[in-house]
Amino acid sequence: MRPGPLRTTRRPSCPARSRLGAIFWLLTVEFFIAQFVAQAAWPGYSMLTNDISLLGVTRCGTYLNPAPDGIMPVCSPLSLVFNLGMALNGVLVVLGVWFTRDLWPQTKLKIAALWLLALGGDGTMLAGAFPLDTIPAMHVIGAALALGLACFGFMLMAKVVWQTHRAFAIYSLTTGVLALLGFVLYVAEIYLGGAALSNGWPPGHKRSGISSPAR
């Protein structure tokens with residue numbers, strides 16, 4: 001009696017659409033490149049004491065920096081690079097959500113997580129499209145979506161894949177928690193890289209980020 005053909009167990013392959021979505025998410029690293037380029041073009045900029053939104057300010061002038069420096073001169077020569085990098089980052093996030101939507105377990109929790117991540121991407125696009133010195137309210141709304149709302153998307157996604165992909169779930173949960181902690185500290189005006197807390201603000205000012213741009 002001849003033995004039958006050897007059977008091997010194959011793991012289900014990742015659809016091409018999902019792989020494309022993963023590539024879109026990997027390409028979001030471009031934002032850090034854009035940030036580095038814009039930062040390098042502004043010798044006086046410091047990640048420890050300057051608000052990141054100041055890199056996108058389109059007009060040179062004096063602005064309120066929500067860090068120990070208070071009112072300060074701002075001039076970001078490559079603000080366009082930074083703003084385009086931010087807007088593109090949001091586009092890539094949303095594309096990644098769309099193309100990987102069938103990759104995850106089909107649950108209501110997954111739908112909620114992807115919606116939160118997509119809204120975070122929309123917020124990043126909004127913040128890039130409306131720099132701080134153009135329509136501040138739109139920039140702040142975009143930043144809140146990108147920095148605050150998306151955190152919960154990461155944490156929900158960790159719950160979605162906790163039983164099937166534990167390592168990825170831990171990574172996603174850690175990312176969400178750290179991002180949320182950073183957002184809370186930022187809203188509370190607690191700057192770990194600076195010498196002052198919220199009392200370092202000039203009296204009567206809040207985080208509008210705008211003073212008087214040069215004409």
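Tutor: The model is predicted: local features require pLDDT of at least 70 and side-chain atom pairs count only at pLDDT 80 or more, whereas totals for chains, interfaces and linings use all residues. Residues are numbered from 1 along each chain as its sequence is written, and side-chain values use heavy atoms, with hydrogens and water left out.

The protein exposes about 12700 Å², of which carbon and sulfur atoms supply 71%; accessible areas come from the Shrake-Rupley method with a 1.4 Å probe, and for residues only the protein chains shown count as cover. Of its 215 residues, 35% are buried, where buried means under 20% relative accessible area, exposed over 50%, and partly exposed in between (1.4 Å probe, protein chains only). Six helices and three strands are present, in the order α-α-β-β-α-α-α-α-β along the sequence; these are DSSP runs numbered from the N terminus, helices being H or I of at least four residues and strands E of at least two.

As to the requested part, the structure holds one disulfide, defined as a pair of cysteine sulfur atoms within 2.5 Å. This bridge joins C60 to C75, with an S to S distance of 1.9 Å. C60 belongs to the loop between α2 and β1 (61-65) and C75 to the loop between β2 and α3, so the bridge ties together parts 15 residues apart in sequence. C60 is partly exposed at 35% relative accessibility, and C75 is partly exposed with a relative accessible area of 35%. C151, by contrast, is buried at 2%.

Strand β2 spans residues 70-74 and includes G70, which is buried with a relative accessible area of 4%. G70 lies 9.6 Å from N50, C-alpha to C-alpha, although 20 residues separate them in sequence. V74 touches W42, L54, V57, R59, C60, G61 and Y63, leaving aside residues up to four places away in sequence; contact means heavy atoms within 4.5 Å.

V74 also belongs to the largest nonpolar core, where W42, L54, L55, V57, V74 and F82 touch the most other members among 14 residues. Helix α2 (30-40), β2 and α3 (79-99) each supply at least two residues of this core. A nonpolar core is a set of buried Ala, Val, Leu, Ile, Met, Phe, Trp, Tyr and Cys residues joined through side-chain atoms within 4.5 Å.

Seven aromatic pairs are found in the whole structure. Rings of Phe, Tyr and Trp (its six-membered ring) pair if their centres lie within 6.5 Å; planes under 30 degrees apart count as stacked, over 60 as edge-to-face and the rest as tilted. F24 and F99 form a tilted pair, 5.6 Å centre to centre with 45 degrees between the planes. This pair links helix α1 (residues 16-26), which holds F24, to helix α3, which holds F99, across 75 residues. F31 and F82 form a tilted pair too, at 5.7 Å and 55 degrees. F31 in helix α2 and F82 in helix α3 are 51 residues apart, and both are buried.
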